[in-house]
Amino acid sequence: MKLTAFAAAAAAFMVFGPVEALAGRDLDQIRSRGTLRCGVQGPSNPGFGVPDSQGRWQGFNVEICRAVAITIFNDANRVEFVPVTSQSRFPALAAGEVDILSNNSTWTLTRDSNVNRFNFPAIVFYDGQSVMVPRRLNVTSARQLNGATVCVQPGTTTELNLNDFFRQHNLRFTPVVISDLDELRRAYDSGRCDVFTNDFAALAAQRTLLTRPADHVILPERISKEPLGPVIRQGDEELTNIVAWTVFALIEAEELGINMANVEQIAGSSTNPLVRRFLGVEGNMGESISAARADYARQIIRQFGNYGEIYNRHLGPQTPLGLDRGQNNIWTQGGLLYAPPAR
Amino acid sequence: MSTTSPIMPAAKPLIPLPAGTTMRGLLWQAALAAAVIFLGWSIYNNMLTNMAARGLQFGYGFLNRSAGFPIGEGLLNYTPSDTYARALTQGFLNTLRVAVVGIVLATILGVLLGLARLSANPLLRSLTGGYIEIIRNTPLVLQLVFWHSIILQLPSVRQALNPLPGFFLSQRGVKMPALLAEPALYSCLLALLTAAILWVGLARRERARQIETGERKSTLIPGFALLIGLPVLAGFVFGAPTVEFPELTGFNFEGGLSLSPEFFALLIGLVVYTSAFIAEIVRSGIQSVHKGQWEAARALGLAPGRIMRLVILPQALRVIIPPMTSQFLNLTKNSSLAVVIGYPDLVSVANTSINQTGQAVEVISLFMAIYLAISLVTSLLMNMYNRAVALKER
């Protein structure tokens, strides 16, 4: 059976030559499969993606994938979540095991390049790398960390930034690299490392899982820029548009003051042409980006709310992570979130 | 189908094959070779097609690019600005380091356990039996995590245990005094080597004398005198080598030699796990030697220790060595479980390289080739040893 498949592939190769990447190929595959395969950080990342007691994934990154599924299928449940580690995520995406990564991956030139051939349609979270240390060490700045042992995840921008930072300040460090975030946190918690480094939000998430979270402090410095967002493979313009305009819809809704509670009422009563187009009451903007419905934005907001609602539900001040909006506020509120106009 | 017909007519072959057995055999061989080559070619082509479809380039050029990521420990003086090739070499040496030390220790522990398993003492026998069964029947990954957690329960670096002067034991592993690499050290090492060679020569001469005259004199005392005397003499002449002691400065101990907890956890896990299998191999090897051999040796008046060493073990080794080779190979390959506890072995470094460069097929092909090479070399050495102890037919 395998042999025939190989033979057929070989024969096809001889006849047709290498297959050109066609626009829409990945999207066609997702549609014909009927589910979106979404790579999330495994085993879990509190606030961003954790399986609940029923094994259903919950979190900020999870809802981004569910929102994309609404745009594609008009069904938030047609997502299959695949836990990936920091080391396995990009090979998994490149090999087609997952269609999209929603796991706090940083947008960098190398990853976006012709070498790695990934695509970052939009930024959903602006972060920066930080370091966490036990309070009893009395460290106040990352520059005091000469000679420290640092717990870091392999295969991350964090690992590379860390190296740059220490080199820049002429400091030395010993890395302890474990790809499983839980195992790495245990190593830090038991005192194997002096320092735990990751993106600020991820550190805040990990701190909630330590034996005594209050005994650890995240230093104020940000040693890098970490724009995080969903990642897909290069070569499918339609999927790029779908992911980008799903994220933009969440941001736009917050800017327009549309939320889970009032979306139906606004759709029914608003006379603002911009709002009417955005919610699919007028025009066909959904169809023009290959969404399942013209009113895809309205469907997303009806089920998950706007960006601010998703943020506050999983990461905001009321949650164990307790993250302020900061840079992750819409641009009219002093943040960096800015969606191109939906018209 | 009828079974009543008494004589079956000779069936006409579908393809008329040449009649001769040799010719037919050659034809089949050629057909099989062609099929294997075609299969290999289709797999390769399939890979290239798929890579081309995803716009990926096949090639090993990335090996000369700067890796950029740090590696916690290793034999080379690696820095993140070194190339991927050097990073992978560092990982390879880390694998080799744990495998070689592991094989030696697992063999020693395994042989002792195997002998204990056959002991006349029922307590020793049953304790060893229990140990072997528990270790053999639980997954290695669990054991590794178990050892790693235990080591992390050691005191923190500031409260490090100090069992011997200069030795510190903590969560950060073991710190010990190091001899600085300088001419004084080399002269001492050279003296040590000379002493060892002299001892071997001395032992040979005594052995020849024993065969000739039947008299036996131990070379133990002059041997040790040489081993200690010559390096000390060298120290007096060329200066004593400098010892560097680890010191607690800031966050960690500085100076001296260090062994990480990850290395220890992996080493202990692999040694304990493999030794249980080796013990069983040793036990079965010894039991394979006929009881008559014991009785004959006893009848000659040999002491029990010498019976084991001179009569039983040489015969048992022939049964023991081939399965031992498999255990050595298993230990080497199992060392790739290091990723679970964060020891930077070949697979760990390779995984990060794949993630960084996207060259999955190339990196995996490299580490497969390296594991294959390690395994083939181990097999080769063991086969040579096996031939040396094999029954000599005269």
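Chain A has 14 helices and 14 strands, where helices (H or I, at least four residues) and strands (E, at least two) are DSSP runs numbered from the N terminus. This is a predicted model, so local features need pLDDT of at least 70 and side-chain atom pairs count only at pLDDT 80 or more, while totals for chains, interfaces and linings use all residues. Residues are numbered from 1 along each chain as its sequence is written, and chains are lettered from A and ligands numbered from 1 in the order in which they are written.

Let's start with the overall build of chain A.

| Property of chain A | Value |
|---|---|
| Radius of gyration, over C-alpha atoms | 22 Å |
| Box filled by the C-alpha atoms, along the principal axes | roughly 60 × 60 × 40 Å |
| Buried residues | 50% of the 343 residues |
| Contacts with a separation of 6 or more that join residues 24 or more positions apart | 72% |

Two residues are in contact if their C-beta atoms, placed from the backbone, lie within 7 Å.

Chain A also holds an open sheet of 3 strands in the order E4-E1-E5, with parallel pairing. Its edge strands, E4 (79-84) and E5 (100-101), each pair on one side only. Two strands pair if DSSP finds at least two bridges between them, and E1 (residues 36-41) is joined to E5(A) by 2 bridges. Gly39(A) has Leu101(A) as its bridge partner in E5(A).

Next, a look at one residue. His314(A) sits in helix H14 (residues 307-314) of chain A. His314(A) is buried because 23 other C-beta atoms lie within 10 Å; the cut-off for buried is 20 or more, with exposed at 12 or fewer and partly exposed in between. Leaving aside residues up to four places away in sequence, His314(A) touches Gly47(A), Gly59(A), Phe60(A) and Thr319(A). His314(A) and Gly49(A) are 265 residues apart in sequence, yet their C-alpha atoms are 9.2 Å apart in space.

Finally, the two chains meet through 38 residues from chain B and 39 residues from chain A. On the chain B side, helix H1 (21-53), strand E6 (252-254) and helix H10 (346-357) each supply at least two residues. H1(B) gives the largest share, 8 residues.

Definitions and conventions:
The radius of gyration is taken over C-alpha atoms; the globule rule is 2.2 Å times the number of residues to the power 0.38.
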